[in-house]
Each structure stands twice: as structure tokens, then as C-alpha cells.
2 protein chains.
Amino acid sequence: MCTIYEIARLCGVSTTTVSRVLNQHPYVSEEKRQHILQVMEEMEYTPSSAARTLRSHQTKTIAVSVPAVDHPFFAQLIKGISKEALDQGYKAIVLQTFYKESLELEGLQLLKRKEVDGVILGALENKWENIKPLLANGPIVLANEYHQTADIPIIGYDEREAAYKAVDYLIQSGRKAIGFCFDTESSEAQQQRRQGYLDALSAHSLPLNEDWLFGEAFTIEDGFRLMDFIHVMPDAPDAIFTGNDQVAAGLIKQAILYGYQIPEDLAIIGYDNQDICEVTAPTITTIDIPIVELGQRSVQHMIQLLQEQKPLQREHIQLPTELVTREST
Amino acid sequence: MCTIYEIARLCGVSTTTVSRVLNQHPYVSEEKRQHILQVMEEMEYTPSSAARTLRSHQTKTIAVSVPAVDHPFFAQLIKGISKEALDQGYKAIVLQTFYKESLELEGLQLLKRKEVDGVILGALENKWENIKPLLANGPIVLANEYHQTADIPIIGYDEREAAYKAVDYLIQSGRKAIGFCFDTESSEAQQQRRQGYLDALSAHSLPLNEDWLFGEAFTIEDGFRLMDFIHVMPDAPDAIFTGNDQVAAGLIKQAILYGYQIPEDLAIIGYDNQDICEVTAPTITTIDIPIVELGQRSVQHMIQLLQEQKPLQREHIQLPTELVTREST
DNA sequence: GTGAAAGCGCTAACAA
DNA sequence: TTGTTAGCGCTTTCAC
């Protein structure tokens with residue numbers, strides 16, 4: 001591990017000159033530049049990023065905060081983010097909140113400690129008031145989550161419209177008793193989605209049955225559990241719009257076990273268009289979301305923010321979604 | 001953002017003293033310690049990690065290199081690693097190789113640039129000779145991959161035994177024409193696994209049919225494709241031990257489409273015990289691997305290495321695996 | 001118990 | 001076009 005001093009000494013120049021070739025500063029004679037470059041090569045010189053960070057106050061690192069990396073949705077989001085970051089010369093640090101406010105907040109301390117240049121939030125566990133003060137330490141971008149008032153870039157898709165499309169499709173195909181699954185009540189994205197559900201119902205003059213709103217639905221297991229519950233409901237829905245494909249897969253599997261015909265007895269629509277949609281029997285109708293692109297766009301936006309240095313502004317980017325019909329409807 | 005100087009000035013002490021309380025050095029009077037702590041609190045002082053890194057040559061960061069984070073296996077591995085790292089006061093940087101040697105090598109430059117203290121390799125794309133020189137820059141730990149000679153800690157499980165268990169089970173249940181899927185030929189872990197397959201065959205005096213070895217099997221899609229291929233084989237196997245649950249799920253789905261009865265016409269065993277095993281029809285018999293624990297152990301090992309500062313040694317830790325029988329066999 | 005001062009590796013303002 | 005020099009924020013000898 002040699003330093004810029006070594007190189008300078010070896011080349012008979014000052015550290016400034018070496019630093020200049022490192023940063024492609026124009027004022028270096030071609031001759032010296034070549035020589036220095038060559039010596040660097042020979043010595044296997046690699047600049048210390050710690051020193052650079054200390055000087056420049058830039059870490060070239062972005063943190064991504066998600067509830068859990070092994071949820072297929074977030075795994076894909078991270079895939080996009082991590083790839084794009086690396087492409088742009090940044091590193092990505094992964095933070096998991098496990099759906100806990102405290103862990104989210106703790107992760108965000110990285111911003112305060114200047115260990116990362118910015119944070120991409122793939123979900124939002126805390127109230128915005130708790131997050132907001134951290135903006136003083138660096139930009140925050142919301143990916144896949146929504147907030148009414150936060151003055152930061154929000155990269156997502158039209159949750160309301162996506163939900164509307166799904167529910168409308170169910171109604172068009174003759175369903176009248178449509179259930180809705182969500183994960184957490186607190187997520188504004190989920191509320192938007194619910195609004196789409198409600199709008200579709202009222203567009204077709206269908207009344208809302210509160211019993212058909214099912215919360216805490218995240219995983220395949222939750223799908224199993226939920227189906228157990230629905231199976232014994234006196235007034236069960238004949239279709240369900242789930243919040244994600246995992247839950248849909250769980251529902252379907254368990255329903256088949258109970259002897260349901262799907263979609264005849266119960267139609268099901270998922271969300272995310274994960275691979276799992278193609279291997280269940282029946283396959284799952286779902287909403288396709290450009291997740292990887294969502295991650296990439298978030299990074300691009302973040303880097304732009306970092307470079308322009310201008311104040312954070314509210315901005316709402318919505319990527320297109322698509323209803324993909326399969327056997328479960 | 002205030003510095004140690006500010007705090008020192010405000011408290012009428014030297015920076016040394018402030019630094020001492022920061023590092024819980026004993027020689028500070030209780031009185032001053034309290035005062036300093038309080039002022040830090042008031043000023044919302046947070047130490048600059050860049051400066052600390054520059055001084056101490058420690059980044060408190062570990063890199064994890066995997067082919068792709070959205071593969072369920074690696075997603076879970078990262079979950080374990082990322083969680084354990086954070087618990088221990090380390091950060092985890094995610095590197096994706098996309099199965100390319102060049103990207104793996106590029107990621108490993110982080111070690112050289114001293115941007116991370118160590119690297120956990122969740123797979124191995126390069127020849128070991130290409131990786132080895134990097135050991136001069138920091139420890140490398142192999143998680144879930146195997147190498148014959150590398151003098152580094154290897155945390156995994158007995159691939160050979162796991163494969164043996166699976167194939168033996170198939171043979172015990174009357175199968176004689178057993179196929180084997182793997183992803184890449186170059187992985188030594190895969191070779192171990194293949195050895196288990198071979199050993200089980202010969203233990204029961206079954207000959208090896210080279211046509212029943214199927215490579216490049218990573219995803220659900222690959223499972224589909226593979227089944228298309230098997231379907232038209234003149235001499236098709238009556239059971240397949242796949243390298244992962246995704247492939248198993250794809251095989252099953254496609255086989256059912258072709259009118260196969262599973263397991264009667266074709267028995268299938270997966271690998272990893274992912275959630276997907278429970279939602280396919282039929283459900284998937286598989287090998288359970290403690291993936292999250294594997295990740296955690298790797299981090300623990302890495303941190304120990306980092307702290308002890310003693311030279312890297314070859315070490316081979318094997319976690320237990322288990323055959324989980326379901327409907328596909 | 002406490003502080004002065006050097007230095008980790010790099011960059012940039014200023015001078016030449 | 002090139003070099004001198006002063007820090008970035010922190011830790012750690014060494015001296016008191």
C-alpha cells in the first residue's frame with residue numbers, strides 16, 4: 001500500500017502533480033502524466049478512499065433501507081439499485097429495518113455520521129416528522145413508497161391506478177364480493193392502493209364490506225393463514241386483490257387444499273409479477289411493476305441530486321404498471 | 001456538523017480529552033467526562049467516520065459478493081450477513097457479479113482500496129489464483145462455496161452428504177434413472193455435490209448416464225426449458241435431483257403441463273428449502289440449509305479475523321443440512 | 001489526569 | 001505548468 005508521496009518521490013515531482021493526474025486535472029505535461037501513470041501501475045498504487053472522503057466530504061456511497069432483503073420485491077429493488085450505483089461509481093450499503101421504526105432510524109444515522117452521501121428509502125416505517133430533520137445531513141429519496149407532503153423526490157408508480165385496474169378487471173369478469181389485502185395500515189402507498197380499490201368499487205356501485213379488508217399480509221404463510229380465515233367466514237368474498245404475489249400464492253395453495261376451484265370459486269390477483277406467479281397451479285394474475293428500473297431511477301435521481309447540490313424538491317415520478325392476466329382470474 | 005475541536009473548546013479541554021471520552025479511555029475525570037458527554041449531546045456531535053478510518057485504517061465495513069441479490073438463496077444469505085454485521089457495528093456493502101469474473105474482480109478492488117475491511121464471497125467466479133493475491137489487502141471468507149486448497153475460512157455445509165441423502169432417498173423409493181442438475185461446472189461446491197450424486201449411484205450399483213447431467217440450471221425459466229428438453233428425450237430419467245428449488249419448481253410446472261404425474265412419472269428434489277416449495281402443486285421435496293445462519297457465521301468469523309489480526313488459516317466449517325420430504329417424491 | 005503536537009493520505013488555494 | 005503548504009477530523013505518543 002503506497003501513497004501519493006511515494007509516487008511523487010519516485011517520479012521526482014510534487015504530490016500536487018500526482019494528485020492532478022489522479023483527478024484528470026488539465027495542467028500536467030503529457031510527458032509527466034505518462035510517467036506518473038506508469039509508476040502508479042508498477043507500484044500498484046490505489047488511492048485511499050478514506051483520505052479522499054475526509055477531504056472532499058463525499059463517500060461515494062448510498063444507503064438503501066428496506067424492511068428485509070429476502071422479500072422478492074425488495075431483493076429486486078436492491079438488485080437495480082446496487083447495479084446502477086456500481087455503474088456510476090458508487091457503492092450501495094444495505095440496511096434492513098425488519099419493519100421496525102427504531103432500526104430504520106438507526107440506519108439513518110449513517111447519513112448523520114456522513115458515512116453515506118444519501119439514502120434511498122424503499123419503505124417508510126417512521127412518521128415523516130422523525131425522518132425530516134435528517135435531510136439536513138443529505139438527500140433522501142423515496143422509492144416505492146409514497147408520502148403526501150414530504151419535499152423529496154418520490155419514485156414509484158400509480159398505486160391507485162394499478163389497484164383500480166385490478167379490481168375493475170375482477171368486477172368486469174362478474175365478481176361482486178371483492179376482498180383487499182394490505183400489509184401495514186401506516187404506509188401511504190398502501191392507502192393509495194386502497195383508494196384505487198374503493199374507487200373501482202364505487203365506479204361500479206358496489207358497496208364496501210369492511211370484513212373484506214385483510215391486513216398484515218406479507219408472506220406466503222400469511223396467505224395460508226388468511227385462507228384459513230376466509231374459509232370459515234360466513235360471508236366470504238368471491239375474489240381477492242392481494243398486495244403481493246407471495247400472499248396470492250399462499251391463498252391459492254391453501255384454497256386448493258380446501259377444495260376450492262380457482263378462479264371459479266375464488267378469483268385472485270397478486271401484485272409485483274414475481275417468478276412465483278408462473279409456477280403455482282393455477283398461475284397468478286398480477287400487476288407488473290418495473291421494479292429493477294425503479295431502483296435504477298432512484299439511484300440516477302440521487303446522484304443527480306448529489307451533483308447539483310441544489311435544494312431537495314418534491315417531485316413525483318410514476319413508472320407504468322400493467323395488469324398481467326393468468327389462470328387465477 | 002461540529003468537530004471534536006468545537007466540543008473541546010466549548011468544554012475548555014483539549015481535543016485529546018474529548019477523544020478519550022469518545023473511546024472510553026479510562027484516564028478522564030468523571031466530572032469532565034460527564035460535561036463533555038452532555039455538550040456532545042447538545043451539539044448533536046457525531047464523529048466523522050472518514051477521519052477515524054484515515055487514522056485507524058479500519059472501515060468497519062464488510063463487502064458481500066454474490067452473483068445476484070434477487071436469487072432467493074443469496075437474498076437470504078445477505079439477510080443474515082447484513083443483520084449480523086449491523087449487530088456487530090459493521091456495515092455491509094453488496095456486490096453483484098452477475099456470474100461474471102470481471103465484475104467479481106472489480107468488486108474485490110474495494111479491498112485493495114481499503115474501502116472495506118474484508119470480503120465474504122458467496123460464490124466464486126474466478127480461479128483462485130486470481131483472487132489469492134488480494135489476501136494481502138485483507139481477509140476473505142468463503143460462504144457457501146468450496147475450494148480445495150485455498151487457505152481461508154470456508155463456511156458451508158457438506159454438499160456431498162446433502163446430495164447423497166437426496167439421491168439415496170430417490171433410489172430407496174425405487175427410482176433407477178436419476179438425473180442431476182447443476183449450475184456451473186466450475187464451482188467446486190457443485191462438484192462436491194455431484195460427487196455425492198455419483199457416490200449414491202455407485203453405492204446402489206447404478207450406472208451413470210451422462211445424458212442425465214444437466215448444466216446451466218439457475219432459474220424457474222431454466223426449469224421450464226429443461227423439462228421441454230427432457231420431455232423429448234428418448235431415454236428420460238424417472239427422477240431428478242435439481243440444484244435449487246427454482247429449477248425444481250419450473251420442472252414441476254412444465255411437467256404437469258405435459259401431463260406428467262408427479263411423483264409417479266417423475267420424482268423431483270430441490271435444494272435450499274425456499275418458500276416456493278410449499279406453493280407448487282405438488283409441493284417440493286428438498287434439502288434444508290440454514291442459510292441465514294450461514295451468513296451470520298461468516299460475519300462472526302470475519303470479525304474475529306479482523307480483530308485477532310492473526311494470519312488467515314484454512315478452516316472448514318460445515319453446518320447441518322436436512323432432507324425435507326414433500327409431495328414431489 | 002491532561003494537553004501539545006504530529007500525522008493518517010489527499011486536495012486545492014496560492015505562489016512561483 | 002509546477003510546487004509549497006495548510007488543512008480535512010481524529011488518535012496517539014510523549015511530556016508534564
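This is a predicted model: local features need pLDDT of at least 70, side-chain atom pairs count only at pLDDT 80 or more; totals for chains, interfaces and linings use all residues.
DNA strand C is surrounded by 25 residues, and the closest are T3(A), I4(A), S19(A), A51(A) and S14(B). The largest share, five residues, comes from α4(A). By class, the surface near DNA strand C consists of nine nonpolar, twelve polar and four charged residues.

Around DNA strand D there are 25 residues, of which S14(A), Y27(A), T3(B), I4(B) and A51(B) come nearest. Here α2 and α4 of chain A and α2 and α4 of chain B each provide at least two residues of the surface. For DNA strand D the largest share, five residues, is supplied by α4(B). The surface near DNA strand D divides into nine nonpolar, twelve polar and four charged residues.

The relation between the two protein chains was considered next. In the contact between the chains, 37 residues of chain B meet 37 residues of chain A. On the side of chain B that touches chain A, at least two residues come from each of α4, α5 (72–87), β2 (91–96) and α11 (245–257) of chain B. The largest share of this side, seven residues, belongs to α5(B). Its residues divide into 17 nonpolar, nine polar and eleven charged. Of the interface residues of chain B, 100% are also interface residues in chain A, so the copies meet through the same surface.

In soluble globular proteins, nonpolar side chains tend to be buried together. The largest nonpolar core in the model has 172 residues, and I78(A) and I78(B) have the most contacts inside it. With residues up to four places away in sequence left out, I78(A) touches V64(A), V66(A), V69(A), V94(A) and G295(A) of its own chain, as well as V69(B) and V94(B) of chain B.

Chain A also contains an open sheet of four strands, in the order β7-β6-β8-β9, with parallel pairing. Its edge strands are β7 (213–214) and β9, each of which pairs on one side only. Strands of a sheet pair through backbone hydrogen bonds, either parallel or antiparallel. Strands β6 (residues 178–181) and β8 (residues 239–241) of chain A pair in the parallel sense over three bridges. I178(A) has A239(A), in β8(A), as its bridge partner.

One residue of a loop was examined individually. Y271(A) lies in the loop between β9 (267–269) and β10 (286–288) of chain A. Y271(A) counts as buried because it has 26 C-beta neighbours inside 10 Å, where 20 or more are required. Leaving out residues up to four places away in sequence, Y271(A) touches T242(A), G243(A), N244(A), D245(A), T286(A) and I287(A). One of these, D245(A), is 26 residues from Y271(A) in sequence, while the C-alpha atoms of the two are 5.2 Å apart in space.

Notes
Residues are numbered from 1 along each chain as its sequence is written. Chains are lettered from A and ligands numbered from 1 in the order in which they are written. A residue is near a molecule or strand if its C-beta atom, placed from the backbone, lies within 6 Å of it. Ala, Val, Leu, Ile, Met, Phe, Trp, Tyr, Cys and Pro count as nonpolar, Asp, Glu, Lys and Arg as charged, and the others, Gly among them, as polar. Two residues are in contact if their C-beta atoms, placed from the backbone, lie within 7 Å. A nonpolar core is a set of buried Ala, Val, Leu, Ile, Met, Phe, Trp, Tyr and Cys residues joined through C-beta atoms within 7 Å. A residue is buried if 20 or more other C-beta atoms lie within 10 Å of its own, exposed if 12 or fewer, and partly exposed in between; C-beta atoms are placed from the backbone. Two strands pair if DSSP finds at least two bridges between them.
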